[in-house]
Amino acid sequence: MNKNIINHENKEFKQIDYNEKKLRDREFFQCRFIACSFIKSDLKGNHFEDCTFENCNFSMTEIKGVSLRDCKFKDCKLLGIDFTQCNKFAFSLAFDHCILDYSSFYQTKLKNTNFLNCSLKEVDFSESDLTAAIFRNSDLMGAVFSSSILEKADFREAQNISINPEENKLKKAKFSTYQLEGLLHKYGLEIY
């Protein structure tokens, strides 16, 4: 174990500007971050467990090797984040009222992940496992689903869905009738 690791437990970090800074060798357990900015910061190798982020900005943040276990993001901006570089062990997240546009979850396990009231424009979900994920009231304009596992996922209240059923596993996935066009778009059908 690295003796230089700084541990934080049950702490609250409020309105801290970490923009373009390196934050290394830190472990955060049951911490709360409120209105903090991590724009273009380097969080490589840090560990966050059971942490909550509220009103934080992670746009273009470097997260290579970062552990995110049971972390919740509310009202956060996470533009262009490459979640594929995170530590995969026990990776689990929840998003509520977040902007994740242009981010990538390529080949990421996201079972039971909540995307509630989120903007997911142009997000890459290719080859990811979204079993039982919930996309309640989220905008999926341009989101990519290719060879993805979407079984039991709930898309009923999502907008701008475009999913090819022939390229993805959809068994028991939930959709509303108004979303049929997004499932059949490749056939050029006119649905009224």
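**Salt bridges, aromatic pairs and the nonpolar core**

R32 and E12 are joined by a salt bridge in which the closest N and O atoms are 3.5 Å apart. This pair connects distant parts of the chain, with R32 in strand β4 (residues 32-34) and E12 in strand β2 (residues 12-14), 20 residues apart. R32 has a relative accessibility of 34% and is therefore partly exposed. E12, with a relative accessible area of 45%, is also partly exposed. The structure described here is a predicted model.

The salt-bridge count comes to 8. Among these is the bridge between D42 and K44, with the closest N and O atoms 3.9 Å apart; the cut-off for this distance is 4 Å. D42 has a relative accessibility of 11% and so counts as buried, because the buried class covers values under 20%. K44, at 31%, is partly exposed. A further salt bridge links the side chains of D154 and R156, at 2.7 Å from N to O. In this pair D154 is buried at 13% relative accessibility, whereas R156 is partly exposed at 40%. Salt bridges with shared partners also join E12, R32 and E54 into one network.

Aromatic contacts were examined next. The whole structure contains 28 aromatic pairs. In one of them, the ring centres of F73 and F95 are 5.4 Å apart and the ring planes lie at 20°, so the pair is stacked; planes under 30 degrees apart fall in that class. F73 and F95 are both buried. The rings of F105 and F125 are likewise stacked, because their centres are 5.5 Å apart and their planes are at 5°. This pair too links distant parts of the chain: F105 is in the loop between β9 and β10 (115-116), F125 is in the loop between β10 and α1 (180-184), and 20 residues separate them. Both F105 and F125 are buried.

The largest nonpolar core has 51 residues, of which F83, F95, L100, F115 and F125 touch the most other members. Strands β8 and β9 each supply at least two residues of this core. The core also draws at least three residues from each of two domains, domain 1 (1-50 + 58-75 + 84-95) and domain 2 (100-187). When residues up to four places away in sequence are not counted, F125 touches F105, L110, F115, L120, L130, F135, L140, A143, V144, F145 and S148.

The strands named above belong to a sheet. This open sheet is formed by 6 strands in the order β2-β4-β6-β8-β9-β10, with parallel pairing. Strands β2 and β10 stand at the edges and have a single partner strand each, so one side of each has no neighbour in the sheet. Within the sheet, strand β6 (residues 52-54) and β8 run parallel and are joined by 3 bridges. F53 has F73 in β8 as its bridge partner. F73 thus takes part both in this strand pairing and in the stacked pair with F95.

Technical notes: Residues numbered from 1 in each chain as written. Predicted model: local features only at pLDDT ≥ 70, side-chain atom pairs only at ≥ 80, totals over all residues. Heavy atoms only, no water. Helix = DSSP H or I, 4+ residues; strand = E, 2+ residues; numbered from the N terminus. Buried < 20%, exposed > 50% of the residue type's maximum accessible area, 1.4 Å probe, protein only. Phe/Tyr/Trp six-rings, centres within 6.5 Å; stacked < 30°, edge-to-face > 60°. Core = buried A, V, L, I, M, F, W, Y, C linked by side-chain atoms within 4.5 Å. Domains from an automatic or database assignment. Contact = heavy atoms within 4.5 Å. Pairing = 2+ DSSP bridges.
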